[in-house]
Amino acid sequence: MHLKGYLVPTSVRKQIHSKEAVERYIRDFESVKLLSTKFDDLDLISRIIRLRPSVVKQYLNLIPLDS
């Protein structure tokens with residue numbers, strides 16, 4: 001929803017997650033997106049932002065190719 005331009009309150013209502021959870025998902029996604037421009041190593045990105053490699057991989061798969 002973040003990539004489609006939805007604001008946090010709309011995402012909260014549509015996904016039935018807390019505001020804090022949605023904000024954390026967006027923050028983590030944006031961190032992965034930024035680090036992926038600097039590092040190709042999934043495990044390194046995972047260690048830097050302290051997310052499981054499987055979660056980092058899911059976020060990487062969401063990044064549009066034109067980013």
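Are phenylalanine 29 and tyrosine 59 buried or exposed? Both of them are buried, where buried stands for under 20% relative accessible area, exposed for over 50%, and partly exposed for what falls in between (1.4 Å probe, protein chains only). Before going further, a word on the model itself.

This is a predicted model, so to speak of a local feature takes a pLDDT of at least 70 and to count a side-chain atom pair takes pLDDT 80 or more, while totals for chains, interfaces and linings use all residues. Residue numbers start from 1 along each chain as its sequence is written, and side-chain values rest on heavy atoms, with hydrogens and water left out. The pLDDT, the predictor's confidence in each residue on a scale from 0 to 100, averages 88 over the protein, and 97% of the residues score at least 70. Confidence is lowest in helix α1 (residues 8–15), with a mean of 77, and highest in helix α3 (residues 42–49), with 97. Where pLDDT is low, the predicted coordinates should not be read in detail.

As for the overall fold, the protein has four helices and zero strands, and the pattern along the sequence reads α-α-α-α. Helices (H or I, at least four residues) and strands (E, at least two) are DSSP runs here, numbered from the N terminus. Taken along the principal axes, the C-alpha atoms fill a box of roughly 35 × 25 × 15 Å. Of the 67 residues in the protein, 25% are buried. Among contacts (heavy atoms within 4.5 Å) with a separation of 6 or more, 33% are between residues 24 or more positions apart.

Back to the two rings. A search of the whole structure turns up one aromatic pair, and phenylalanine 29 and tyrosine 59 are its members, in an edge-to-face arrangement with 6.0 Å from centre to centre and 65° between the planes. Phenylalanine 29 sits in helix α2 (residues 19–36) and tyrosine 59 in helix α4 (residues 53–62), so the pair ties together parts that are 30 residues apart in sequence. For the record, rings of Phe, Tyr and Trp (its six-membered ring) pair if their centres lie within 6.5 Å; planes under 30 degrees apart count as stacked, over 60 as edge-to-face, and the rest as tilted.

One of the residues of α3 is serine 46, which counts as buried at 7% relative accessibility. Leaving out residues up to four places away in sequence, serine 46 touches Leu51, Arg52, Pro53 and Val56. The loop between α3 and α4 holds arginine 50, a residue other than glycine with a positive phi, near 60°. Arginine 50 is exposed, with a relative accessible area of 77%.

In α2, isoleucine 26 counts as buried at 18% relative accessibility. Setting aside neighbours within four places in sequence, isoleucine 26 is in contact with His2 and Val8. From isoleucine 26 to aspartate 41 is 15 residues in sequence and 21 Å in space, C-alpha to C-alpha.

Finally, the largest pocket holds about 300 Å³ of space. Its lining has 13 residues, and those nearest the centre are Met1, His2, Gln15, Tyr25 and Leu62. Helices α1, α2 and α4 each give at least two residues to this lining, with the largest share, four residues, coming from α2. On a 1 Å grid over the protein atoms alone, a pocket is an open set of points where a 1.4 Å probe fits, with protein on both sides within 12 Å along at least five of seven lines, and lining residues have an atom within 4 Å of a point. Grid points are joined across faces, edges and corners, and the volume is the space filled by probe spheres set on the points. Glutamine 15, a residue of α1, counts as partly exposed at 32% relative accessibility. Its C-alpha atom is separated by 18 Å from that of glutamine 58, 43 residues apart along the chain.
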